[in-house]
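Dear colleague,

I am handing over the structure below, and I would be grateful if you could look through it with the notes that follow beside you.

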Amino acid sequence: MDRQLLSAIAHRDHPIAAPVSAANLDRLLRRAALPEGARILDLGCGAGEWSLRALELVPSAGADGVDISPHAVASANEAAVGRGLADRLTLHTTPADAFTPAQPYDLALCVGSTHAFGGLADTMEALTRFVRPGGLALVGEGYWERPPAPEVVEAVGEYPDLAGTVEAAESKGWLTVYAHVSDLAEWDEYEWSWTGTLARWAADNPGPDGEQALAVMKEHRDMWLGGYRGALGFVTLLLRRM
């Protein structure tokens, strides 16, 4: 099984695909105060939950969702059809850094996908190509609440603290106008959903694929519970292009 399919399976019960509750997702989108007819771009859209919820909150808006995973795009399309939003969400199976917009957007989303552009600062620079002057970006990124063990950094990645994350986000002509810092309950809901959904799928699919899924789940859970739980934070920044 390829990792994109494993990720799509793991996120089935948590389509937000980040340690953010549904209520806080709505709060972030409402704070964006999108205009009528808003154009929305969701880079690394996954199952499309962020852009779909934005479309529900602003019935005149339209959105483009971009993801490299055909499995994620298929899930996003299924969700859009089921919620009556397929005519307002256009999906693109392509790398985020290769997407070329027809015109600027009022809001660009990039939650948990800054690796597609090489990191947070490079993501913010790239977003200036997508967002109109005065437009907004919602960017979700990890940061270290406290210094982790070296082996955890090696497995999870290099991140600054929260102050350093905000500084990097604002380094390319952006201004933070709101933010949400995920709490431990949001992290636990996300991680237990990710690992539990994959474990259940593995149990229902005995054989090589199930064994691989179970091995990936256990490796992930061990690193979470024994490594970064309580150390890795997540912030979703609402930024305005200056």
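**The cavity and the helices around it**

The largest cavity has a volume of about 40 Å³, and please keep in mind throughout that the model is a predicted one.

Which residues line the largest cavity? Its lining is made up of L184, W187, D188, W224, Y228, R229, G230 and L232, and by class these residues divide into 5 nonpolar, 1 polar and 2 charged. The elements that each give two or more residues to this lining are α8, which covers residues 184-204, and α9, which covers residues 208-228; of the elements, α8 gives the most, with 3 residues.

**The packing of α8 and α9**

These two helices also pack against each other, with axes that come within 8 Å and cross at roughly 160°. Because an angle over 145 degrees counts as roughly antiparallel, α8 is described as roughly antiparallel to α9, and the crossing of the two is left-handed. On the α8 side the contact is made by W187, D188, E191, W192, W194, T195, L198, A199, W201 and A202, while α9 brings D209, G210, A213, L214, V216, M217, H220, R221, W224, L225 and Y228. Taken by class, the residues of this contact divide into 14 nonpolar, 3 polar and 4 charged. W187 and D188 of α8, together with W224 and Y228 of α9, take part in this contact and are also among the residues that line the largest cavity.

**The packing of α2 and α3**

Elsewhere in the chain, helix α2 (residues 22-32) and helix α3 (residues 49-57) pack at an angle of about 60°, and their axes are 10 Å apart. The two helices are therefore oblique to each other, and their crossing is right-handed. L25, D26, L28, L29 and R30 of α2 make the contact with W50, R53, A54 and L57 of α3, and this contact has 6 nonpolar and 3 charged residues but no polar ones.

With best regards

Conventions. Residues numbered from 1 in each chain as written. Predicted model: local features only at pLDDT ≥ 70, side-chain atom pairs only at ≥ 80, totals over all residues. Heavy atoms only, no water. Axes fitted to C-alpha atoms, helices over the stretch in contact; angles between N-to-C directions. Helix = DSSP H or I, 4+ residues; strand = E, 2+ residues; numbered from the N terminus. Parallel < 35°, antiparallel > 145°, perpendicular 65-115°, else oblique. Left-handed = near helix turned anticlockwise from the far one by under 90°. Contact = heavy atoms within 4.5 Å. Nonpolar A, V, L, I, M, F, W, Y, C, P; charged D, E, K, R; others polar. 1 Å grid on protein atoms, 1.4 Å probe; cavity = no way out; pocket = protein on both sides within 12 Å on 5 of 7 lines; lining within 4 Å. Points joined across faces, edges and corners; volume = space filled by probe spheres on them.
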